[in-house]
Amino acid sequence: MSRLSRSRVAVATGLTLGTATAGLLFSPAAFAAETPGYTVSPSTTLAPGAEFTLSGTGCVQADDTTETPFVGFVPDVDEPGWGDGADSNADGTWTLTEQAPEDLGSYTYVVYCDQYTDGFDYNKLTITVTADGKPVPAPAPTTPAPTSTAPAEFKPGAKPNTPGIASTTTAKTTGNAAAPGQKVVKVLKGFKPFEKVTLVLHSTPVELGTFTADANGVVTAEFTIPAGTPLGNHTLAYTGDKGSYFEDPLTLTKDGKALAYTGADVKLPLIGGTVLLAAGAGALVVGRRRRTGAAQA
């Protein structure tokens, strides 16, 4: 019994597809026809040399021949003379039992129906050979380490002030004390001409605005301390877009005034104590003299 070559099957397949396509245009019932296919058992992943079975449908006898259709099984490479197959049943079903290669790796095969005067290819089959016949597990997804987006903790004085920058005092400027909700005016000199300076209140960062130096590098910053800002010591940090940097301390009090000095002045008590000590010593000497004189009399 003769068998079609792969080149003949390919030509026949093209003719079949063309004929089938034309037939669909005139036969709506053809859309409901069962699509030929096959299944693989036990799996497409096998141990070296393990057997597997293909069971398919749709390889029926052609109308213009009495030959029994043949299901072919060949590697998807040009290897003349290699191949396997079996006759299909009268209803177009068929079964093939094959053996996996001995070497590890993936192998692709062409499964086709040879009807002698016609034919077609099934979907290609890929067999994967592993040492234990089990699928190679996919690598576990790696979760990138979380990157911290939190700003670095601010520490007053950690970044040095740019030499030459200083806070000046005028009739309109505010000193180093203010109250939450109060308007503050600061004038600083020493920045680069027309430098844009961003002002941030620390330690909890609160941006108070961006101010532009004049042609002489003088920055006039007018801003309002946010209501609810905790009382205590804070820092005003001025950062210029041309590299300048300056920190200015600011104390927030309830009334916006600098805290009064509450330490005791020890000078007066020391002086008073010294005087009293000297007076006591003198009285003691006088008393001794009087007692001595009385005894002699």
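Me: Before anything else, what is a nonpolar core?
Reply: A nonpolar core is a set of buried Ala, Val, Leu, Ile, Met, Phe, Trp, Tyr and Cys residues that are joined through side-chain atoms within 4.5 Å. Please keep in mind that the structure above is a predicted model.

Me: Which residues have the most contacts inside the largest core here?
Reply: They are Phe191, Leu199, Phe223, Ile225, Leu236 and Tyr238, in a core of 20 residues. Two or more residues each come from β12 (183–189), β13 (196–202), β14 (206–212), β15 (219–224), β16 (232–240) and β17 (245–252).

Me: What does leucine 236 touch, leaving aside its neighbours within four places in sequence?
Reply: Its contacts include Leu199, Val200, Leu201, Leu208, Phe223, Phe246 and Leu250. Lys186, Glu247 and Asp248 are also in contact with leucine 236.

Me: And what does the second core include?
Reply: The second core is separate and has 18 residues, among them Cys59, Val71, Trp94 and Val111.

Me: Which cysteine is joined to cysteine 59?
Reply: A disulfide links cysteine 59 with cysteine 113, with an S to S distance of 2.0 Å. The count for this model is one disulfide.

Me: Right-handed or left-handed?
Reply: The disulfide is right-handed, because the torsion about the S-S bond is about 80 degrees.

Me: Are the two cysteines buried or exposed?
Reply: Cysteine 59 is buried, with a relative accessible area of 0%. Cysteine 113 is likewise buried, also at 0%.

Me: Turning to β3, which residues are on its covered face?
Reply: Phe52, Leu54 and Gly56 make up the covered face, whereas Glu51, Thr53 and Ser55 make up the uncovered one. In a regular strand the side chains alternate between the two faces of the sheet.

Me: How many bridges join β3 to β1 and to β6?
Reply: Strand β1 (residues 38–41) is joined to β3 by four bridges, and strand β6 (residues 94–99) pairs with β3 over six bridges. The β1 pairing is antiparallel, and so is the β6 pairing. Serine 55 is the bridge partner of threonine 39 and has threonine 95 as its bridge partner in β6.

Me: What is the strand order in the open sheet that contains β12?
Reply: The order is β10-β12-β15, with antiparallel pairing. β10 and β15 are at the edges with a single partner strand each, so one side of each has no neighbour in the sheet. From one strand to the next, the twist averages 35 degrees.

Me: How many bridges join β12 to β15?
Reply: Six bridges join them. Valine 184 is opposite phenylalanine 223 in β15.

Me: Where is threonine 174, and is it buried or exposed?
Reply: Threonine 174 is in the loop between β10 (166–168) and β11 (177–178). Threonine 174 counts as buried because its relative accessibility is 16%, and the cut-off for buried is under 20%. Beyond its neighbours within four places in sequence, threonine 174 is in contact with Gln182, Lys183, Val184, Val185 and Lys186.

Me: Finally, what does the secondary structure of the chain come to?
Reply: The chain has two helices and 17 strands. Of its 297 residues, 30% count as buried. The chain exposes about 19100 Å², and carbon and sulfur atoms supply 58% of that.

Terms used. Residues numbered from 1 in each chain as written. Predicted model: local features only at pLDDT ≥ 70, side-chain atom pairs only at ≥ 80, totals over all residues. Heavy atoms only, no water. Buried < 20%, exposed > 50% of the residue type's maximum accessible area, 1.4 Å probe, protein only. Contact = heavy atoms within 4.5 Å. Disulfide = S-S within 2.5 Å. Pairing = 2+ DSSP bridges. Axes fitted to C-alpha atoms, helices over the stretch in contact; angles between N-to-C directions. Areas by Shrake-Rupley, 256 points an atom, 1.4 Å probe, with all protein chains shown as cover.
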